[in-house]
Amino acid sequence: MPPPMTPFASVRALTFRSRPVATFRPSAACVKRTFADEKDGRLPQAQAGQVGPNMQQQEHVSEEQAKMSKMMGQEGPDIEGQGTPVQDILKEDKEARKTAPEVMKASVKNPQSAQNARPGEPAGGRRDFSTLARRRMAETSQHMDSAPFDPAMIPSDDQRATFTGYTAESQPPTPAPESLQAEKTGHKFPLPNLPLPPNSNHKYRYDPVVQQVTNLLMRDGKKATAQRNMHVILSTLRTASPPSYNPARPLLPGAPPASHLPLHPVLYLTLAIDSVAPLLRIRSQRGAAGGGVALQIPVPLGLRQRRRTAFMWILDAASKRKSRGSGNDMFALRVAEELIAVVEV
C-alpha cells in the first residue's frame with residue numbers, strides 16, 4: 001500500500017526571499033554646512049559663560065608688571081611708549097639675575113655708569129671679568145720657538161736619492177708649451193707642469209707598496225676591510241717607538257736613521273718588506289742536466305714578485321703570533337708587530 005501524500009511537504013521546500021529595500025544616501029554635493037562665516041570677516045563669538053578662541057592668554061611681562069605696580073601704588077612701566085628694559089626686570093627677579101650675563105649684572109648694580117658709558121667702553125670704566133680667550137698664546141709661542149730642534153730629523157741628500165729618487169742635479173719639470181698656454185688664456189688656473197706627478201691619477205693615488213699590500217690583505221673580495229687593516233698597520237707603525245737596528249743583520253743599504261721611520265710609515269713598511277724580499281727563485285727543469293736528472297736553475301724575480309713573496313712570509317709569521325686581545329683590529333696589530341720585528345731583528 002503506497003504511503004499517503006501530504007500537501008505540506010511541497011510547501012516546506014519553497015523558499016521566500018525578501019525584496020531588497022533601496023536606501024537613499026545623500027551625495028557630497030547635497031551636504032549642507034551647518035555654520036557660515038560672517039560676511040564682514042568677524043570671528044564667531046563665544047556664548048555667555050564659555051571660553052572662545054584667543055581668550056585667557058597669558059599677559060605680557062610688561063602688562064603684568066604694570067598691574068602689580070598699580071595695585072601696590074607704584075609707578076609701573078610705560079606700556080604705550082616702550083617695553084620694559086631688561087635691567088628693570090633683573091632688579092625685581094633675583095633668580096634671573098643669577099643666570100644673567102656679567103654685563104647685565106654690572107649695569108644693574110651701577111645704572112648711572114651704564115647710562116653714561118660710551119658704546120665701546122664697559123660700565124664703570126673697567127671690567128671685573130676677562131673676555132680674552134687666548135691670554136697664554138704669547139707664552140706658548142715663545143716656548144715653542146725656544147724648543148731645541150734635532151738636525152738629525154732632516155734627511156740627507158743621499159737618503160732622499162735612495163728612497164724618493166730625488167737628486168740635487170735633477171732638472172725641474174718642464175712647463176707646458178707657450179702655444180698651449182696661449183690657447184688657455186683666460187682660464188682661472190694655468191696648465192699643469194709636465195711631466196705630471198705619478199700620483200696625479202685618482203686610480204693610482206696611493207703608494208704602489210700600500211696598494212699591493214692592501215690587495216694581499218683582502219679576503220673574499222672585502223676591499224673595505226683590507227683598507228681598514230692597512231690603516232691600522234700604518235697607524236701602529238707611526239705611533240710606535242723608533243726601532244733599534246741589529247748590526248748583525250743590516251737592512252737595505254742607505255736605510256734612514258731609526259728615528260725617521262715612525263715619521264714616514266709608508267717608508268717604514270717599504271723598508272721592512274724590501275729587506276727580506278728574495279732576489280730570485282730556484283726553478284727545477286727535468287732533463288736539463290742529461291740522463292733525466294733535474295737541473296736547478298735560478299730565475300730572477302720582478303719587483304712586485306719579490307714584495308709579494310716577502311709579505312706572504314710576514315703574513316705567515318704574523319698568523320702564528322698570539323693575539324693580545326680581541327676585536328677586529330687584532331690581526332692588523334699582529335702584522336704591524338711582525339713588521340717592527342723584521343726591522344729590529
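**Figure 1. Aspartate 220 in the loop between α10 and α11 of the predicted model.** Aspartate 220 counts as exposed, at 76% relative accessibility, where exposed means over 50% relative accessible area, buried under 20% and partly exposed in between, with a 1.4 Å probe and protein chains only. This aspartate lies in the loop between α10 and α11, and its phi is near 60°, a positive value in a residue other than glycine. For background, most residues other than glycine have a negative phi, and most peptide bonds are trans. The structure is a predicted model, in which local features need pLDDT of at least 70 and side-chain atom pairs count only at pLDDT 80 or more, while totals for chains, interfaces and linings use all residues. Residues are numbered from 1 along each chain as its sequence is written, and side-chain values use heavy atoms, with hydrogens and water left out.

Figure 2. The peptide bond that runs from leucine 194 to proline 195 is cis, with omega near 0°. Proline 195 has its place in the loop between α9 (178-183) and α10; helices here are DSSP runs of H or I with at least four residues, strands are runs of E with at least two, and both are numbered from the N terminus.

**Figure 3. Helix α10 and its cover.** Helix α10 spans residues 208-217 and is mostly covered, seven of its ten residues being buried. The buried residues of α10 are Val209, Val210, Gln212, Val213, Thr214, Leu216 and Leu217, and what covers them includes α11, α12, α13 and α14. At the start of the helix, a side-chain oxygen of aspartate 207 reaches to within 3.0 Å of the backbone nitrogen of valine 209. Asparagine 215, also in helix α10, is partly exposed, with a relative accessible area of 34%. Between asparagine 215 and methionine 230 there are 15 residues in sequence and 9.8 Å in space, taken from C-alpha to C-alpha.

**Figure 4. Asparagine 229 in helix α11.** Asparagine 229 is found in helix α11 and is buried, with a relative accessible area of 7%. Not counting residues up to four places away in sequence, asparagine 229 touches Leu217, Asn328, Phe331 and Ala332, contact meaning heavy atoms within 4.5 Å.

**Figure 5. Threonine 236 in helix α11.** Helix α11 covers residues 223-239 and holds threonine 236, which is buried, with a relative accessible area of 18%. A polar atom of the threonine 236 side chain lies 2.7 Å from the backbone oxygen of valine 232. With residues up to four places away in sequence not counted, threonine 236 touches Leu333 and Ala336. Although threonine 236 and alanine 336 are 100 residues apart in sequence, their C-alpha atoms are 6.5 Å apart in space.

**Figure 6. Aspartate 274 and arginine 307.** Aspartate 274 lies in helix α12, residues 265-276, and is buried, with a relative accessible area of 11%. Its side chain makes a polar contact with the side chain of arginine 307 at 3.1 Å; a polar contact is a pair of N or O atoms within 3.5 Å, of which, within protein, one must be able to donate a hydrogen and the other to accept it, and residues adjacent in sequence count only if both atoms are side-chain atoms. Leaving aside neighbours within four places in sequence, aspartate 274 is in contact with Leu252, Arg306 and Arg307.

**Figure 7. The packing of helix α13 against helix α14.** Helix α13 (residues 303-319) and helix α14 (residues 330-344) pack at an angle of about 115°, with their axes 9 Å apart; the axes are lines fitted to C-alpha atoms, for helices over the stretch in contact, and angles run from 0 to 180 degrees between N-to-C directions. On the side of α13, the contact is made by Phe311, Ile314, Leu315, Ala317, Ala318 and Ser319, and on the side of α14 by Phe331, Arg334, Val335, Glu338, Leu339 and Val342. These contact residues divide into nine nonpolar, one polar and two charged, where Ala, Val, Leu, Ile, Met, Phe, Trp, Tyr, Cys and Pro count as nonpolar, Asp, Glu, Lys and Arg as charged, and the others, Gly among them, as polar.
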